[in-house]
Each structure stands twice: as structure tokens, then as C-alpha cells.
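Please examine the structure shown below.

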Amino acid sequence: MMAANTYEWRSDFAHKYVGIGREESREEGRQEGLQGVADSVIAALETRGFIVSDEVRLRTNSRTDLHPLKKWIPKAVTVDRPEDLFT
């Protein structure tokens with residue numbers, strides 16, 4: 001039996017749709033990664049005993065780039081209130 005990752009697709013149709021599938025998988029993985037980091041920020045705040053408002057949740061969960069989220073994780077363990085994440 002041939003391993004799936006060693007098969008060479010020959011038709012243009014196959015190349016196109018295999019590529020689309022790979023790109024969709026990458027995007028799904030990226031979204032899951034972003035959501036995981038956002039969840040970590042919220043969890044850190046909640047672990048510290050804060051009640052996290054819907055506004056803070058929305059701002060955290062709506063980020064589409066990783067850089068601010070990564071900066072917010074350490075801030076989440078030191079801020080005086082959840083809203084201070086964004087300052």
C-alpha cells in the first residue's frame with residue numbers, strides 16, 4: 001500500500017484541489033492557534049479572580065493577528081483589571 005503523502009498528483013485538477021485543501025487546513029490551524037492563545041489570556045484573568053466582561057472577551061477573541069495576543073498573556077497575570085490589557 002502506498003503512503004498518501006508520497007503520491008504524486010498528476011492532473012491539473014488534482015493539483016488545484018489538493019492545494020486548496022492544504023491551504024484550508026493551514027488556515028483552520030491558524031484560527032485554532034489564535035483561539036487557543038486568546039483562551040489562555042481569558043483563563044489567566046479568570047484564574048486571578050477577575051470577572052471578564054463581554055467587551056474584553058470580544059476584543060480578545062476577535063484578534064486576527066498573534067502578536068498582540070502573545071503580549072497580552074504576560075500582561076494578564078499583572079494587570080489591575082482586565083481592561084488594562086489593551087493599554
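The questions below move from the overall fold to single residues.

This is a predicted model, in which local features need pLDDT of at least 70, side-chain atom pairs count only at pLDDT 80 or more, and totals for chains, interfaces and linings use all residues. Residues are numbered from 1 along each chain as its sequence is written, and side-chain values use heavy atoms, with hydrogens and water left out.

Q: Which pattern does the protein chain follow along the sequence?
A: Helices (H or I, at least four residues) and strands (E, at least two) are DSSP runs, numbered from the N terminus. The protein chain has 3 helices and 0 strands. Read along the sequence, the pattern is α-α-α.

Q: Why are the buried residues of helix 3 on the same side?
A: The buried residues in helix 3 are P68, L69, W72 and A76. They lie on the same side of helix 3 because the arc they cover around the axis, taken from the directions from the helix axis to the C-beta atoms, is only 95°.

Q: Which exposed residues does the face of helix 3 turned away from its buried side carry?
A: Helix 3 has a buried side formed by residues that include L69 and W72. The face turned away from that side carries the exposed residues H67, K70 and K71.

Q: How is the aromatic pair of W72 and F86 classed?
A: Rings of Phe, Tyr and Trp (its six-membered ring) pair if their centres lie within 6.5 Å; planes under 30 degrees apart count as stacked, over 60 as edge-to-face and the rest as tilted. A search of the whole structure finds 1 aromatic pair. The ring centres of W72 and F86 are 5.0 Å apart and their planes stand at 85°, so the pair is edge-to-face.

Q: Which residue has its charged end over the ring of F86?
A: A charge sits over a ring if NZ of Lys or CZ of Arg is within 6 Å of the ring centre and within 35 degrees of the ring normal. At 3.8 Å from the centre of the F86 ring, the charged end is that of R59.

Q: Is L85 buried or exposed?
A: L85 lies in the segment after helix 3. Not counting residues up to four places away in sequence, L85 touches V41, L45, W72, K75, A76 and V79, where contact means heavy atoms within 4.5 Å. Its relative accessibility is 1%, so L85 counts as buried.

Q: What distance separates the C-alpha atoms of R63 and L34?
A: R63 lies in the loop between helix 2 (54–61) and helix 3. Leaving aside neighbours within four places in sequence, R63 is in contact with L34, P68, L69 and W72. R63 and L34 are 29 residues apart along the chain, and their C-alpha atoms are separated by 7.7 Å.

Technical notes
Buried means under 20% relative accessible area, exposed over 50%, partly exposed in between (1.4 Å probe, protein chains only).
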